[in-house]
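Dear colleague,

Please find the structure for your review below. My notes on it follow.

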Amino acid sequence: MERSICKIIVMGEEKVGKTSLLNLYVKNQTLSKMYKQTVGAEFLSSVKSVSGLKLTAQLWDIAGRQTFRQITFTNLYKGADALVLVFDLTDLKSFENLDGWLEEFKLSVCTQYIKNDLGDSRFVRLPMMLIGNKCDLVDKRVVTREAVEQWCQSKSKLSIEYFEMSAMFRETVTGPFDSYLLPAIVEYQNRHHQLEELPQSPRLRSIPSAKDNKKGQIY
Ligand SMILES: Nc1nc2c(ncn2[C@@H]2O[C@H](COP(=O)(O)OP(=O)(O)OP(=O)(O)O)[C@@H](O)[C@H]2O)c(=O)[nH]1
Ligand SMILES: [Mg+2]
């Protein structure tokens, strides 16, 4: 089976549940009530079969607290194949700050391609997933679906899909990741290859399978 790698950046305010969601998705870890802040960025890896491809998803869990992000993670965002934005349905501020996160990410994606003017078009086509987390806390919910839909409408040029999740219920998490995000990434990578006729970019190159007796290169 052909292999490929993708890089997914996961962002959002502190305490919205980014680490909890990723631990559940990748490690099937049940929700811990104890909060342990992410410092800097953490990395998780998951291998899935998508459209006949063995896809290694590199998931980058970015600290929500500004002081824990070393001034800028511009280099870390480079080469991203997808963006996952997370907010907490019970925390209005985490929803209102989505624009700031999107801007931080956009600046980095657009400037890296500034030389050949690809920045904006790449950003517009990049698969993005917006997650309203903690949907189990029905009584504490303060962000309405209408407000989220309005926000998505204001970004209608972008490829954003919205899902509500709970880090307590695995199926709310695996469904959108496996059925929407990963297939969208494979399509995005294929499209880039065709539309931009880039020379075989190392990030898009298939990794030789184990039987080729070679080591796969990531970057
Ligand atoms: N009820 C409920 N609690 C959740 C959910 N997801 C996370 N939590 C709780 O919210 C708190 C913060 O979760 P984290 O996953 O650490 O949040 P984070 O976004 O990684 O935070 P930073 O690392 O600071 O950016 C923890 O106490 C979790 O137990 C959820 O879906 N439902
Ligand atoms: Mg965290």
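Which pattern does the protein follow when read along the sequence? The pattern is β-α-β-β-α-β-α-α-α-β-α-β-α, with seven helices and six strands in the protein; helices (H or I, at least four residues) and strands (E, at least two) are DSSP runs, numbered from the N terminus.

The model is predicted: local features need pLDDT of at least 70, side-chain atom pairs count only at pLDDT 80 or more, and totals for chains, interfaces and linings use all residues. Residues are numbered from 1 along each chain as its sequence is written, while chains are lettered from A and ligands numbered from 1 in the order in which they are written.

Of the 219 residues, 30% are buried (20 or more other C-beta atoms within 10 Å of the residue's own, C-beta atoms being placed from the backbone).

Seven of the 10 residues in helix 1 are buried, among them Lys18, Thr19 and Ser20. Just after helix 1, Asn28 takes a positive phi of about 55°.

Yours sincerely

Notes
A residue is buried if 20 or more other C-beta atoms lie within 10 Å of its own, exposed if 12 or fewer, and partly exposed in between; C-beta atoms are placed from the backbone.
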